[in-house]
Amino acid sequence: MEADVEQVLIAEAVIEKRLDAMALEIRHDFPGEVMVVIVLLKGAFVFAADLLRRIPRMLEIECLNVASYHGGTESSGKVDFLDRKLPDIKGRKVLVLDDILDTGRTLRAVVDRLLEEGACEVKTGVLLKKDKELAEQVDADYVGFAIGDEFVVGYGLDYKGRYRNLPYIGTLKKEAI
Ligand code: XMP
């Protein structure tokens with residue numbers, strides 16, 4: 001697996017340090033509340049597990065299955081909600097966690113849907129944000145790292161379901177894609 005990696009962009013220790021700071025920021029913004037956290041699957045599961053264990057509070061953690069990449073290296077432009085039922089978030093302040101903000105379509109669709117379902121406020125956090133023009137008007141409230149507009153894997157992010165268990169963020173060699 002490691003032989004397919006072209007370059008390590010963000011090392012594990014660097015991610016860990018940044019998560020400490022993000023967790024502090026989030027704790028500060030949600031004082032005393034039982035937060036509802038919605039983790040977008042599959043890509044955000046590693047990021048969420050590591051971030052949320054740094055928040056020593058009562059949390060309600062839910063997951064939402066959404067897909068926009070369908071296995072390749074380009075967004076399909078369409079966001080599919082794969083769950084039949086959404087968590088009950090009426091009147092709640094919600095934090096949505098995703099792995100990466102790319103075109104912005106996923107976060108836009110999820111935030112709109114949660115507001116439609118009655119959330120009173122939706123905050124968003126991503127580990128990575130690609131440095132590019134967004135297709136949708138949306139921004140993340142908490143961003144781990146800004147990266148260039150390139151396809152990355154590791155730390156939950158995949159190519160065809162693989163590489164999610166790399167402990168760092170990296171790029172793949174051309175011959176692996
Ligand atoms: P949008 O375009 O909706 O993208 O902001 C968000 C979703 O697209 C996937 N994505 C990636 N997955 N490497 C990946 O493994 C990437 O470089 C990448 N860019 C976007 C990801 O699922 C994310 O939730």
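How many bridges join E2 to E5, and do these strands run parallel or antiparallel? Four bridges join the two strands, and E2 and E5 run parallel. The legends below describe close-up views of a predicted model.

**Figure 1. The open sheet has six strands in the order E4-E3-E2-E5-E6-E7.** Pairing within this sheet is mixed. Strand E4 (80-81) and strand E7 (142-147) stand at the edges, and each has a single partner strand, so one side of each lacks a neighbour in the sheet.

**Figure 2. Strand E2 is joined to E5 by four bridges and to E3 by seven.**

**Figure 3. Strands E3 and E4 run antiparallel.** Two bridges join them. At this pairing, Ala 67 stands opposite Asp 80 in E4.

**Figure 4. Helix H2 belongs to a right-handed β-α-β unit made with E2 and E3.** Which residues of H2 (45-52) are buried? They are Val 46, Phe 47, Ala 48, Leu 51 and Leu 52. These buried residues pack against helix H1 (12-29), strand E2 (35-41), strand E3 (59-67), E5 and strand E6 (121-130). The loop between E2 and H2 contains Lys 42. A cis peptide bond joins Leu 41 to Lys 42, with omega at about 5 degrees. Most peptide bonds are trans.

**Figure 5. Helix H1 lies across E5, E6 and E7.** H1 runs at about 145 degrees to E7.

**Figure 6. The ligand is surrounded by 18 residues.** The closest are Asp 102, Thr 103, Arg 105, Thr 106 and Leu 157. Strand E5 (93-101) and helix H3 (105-116) each supply at least two residues of the shell. Which element gives the most to the shell around the ligand? E5 does, with four residues. By class, the shell holds seven nonpolar, six polar and five charged residues.

**Figure 7. Leu 101 is a buried residue of strand E5.** Why does Leu 101 count as buried? There are 25 other C-beta atoms within 10 Å of its own, and a residue is buried if 20 or more lie within that distance. With neighbours within four places in sequence left aside, Leu 101 is in contact with Leu 107, Val 126, Lys 129, Lys 130 and Ala 140. Asp 141 is 40 residues from Leu 101 in sequence, and their C-alpha atoms are 11 Å apart in space.

**Figure 8. Tyr 155 and Lys 160 each have a positive phi although neither is a glycine.** Most residues other than glycine have a negative phi. The phi of Tyr 155 is about 55 degrees, and that of Lys 160 is about 50 degrees. Where is Tyr 155 found? Tyr 155 is in the loop between E7 and strand E8 (169-172), and Lys 160 is likewise found in the loop between E7 and E8. Is each of these residues buried or exposed? Tyr 155 is buried, with 26 other C-beta atoms within 10 Å. Lys 160 counts as exposed, with 11 C-beta neighbours inside 10 Å.

**Figure 9. Ala 109 is in helix H3 and is partly exposed.** Within 10 Å of Ala 109 there are 18 other C-beta atoms. Gly 154 is 45 residues from Ala 109 along the chain, and the C-alpha atoms of the two are separated by 24 Å.

Definitions and conventions
Residues numbered from 1 in each chain as written. Predicted model: local features only at pLDDT ≥ 70, side-chain atom pairs only at ≥ 80, totals over all residues. Near = placed C-beta within 6 Å. Nonpolar A, V, L, I, M, F, W, Y, C, P; charged D, E, K, R; others polar. Buried ≥ 20, exposed ≤ 12 C-beta atoms within 10 Å, placed from the backbone. Contact = placed C-beta atoms within 7 Å. Pairing = 2+ DSSP bridges. Axes fitted to C-alpha atoms, helices over the stretch in contact; angles between N-to-C directions. Right-handed = clockwise from strand over helix to strand, strands pointing away.
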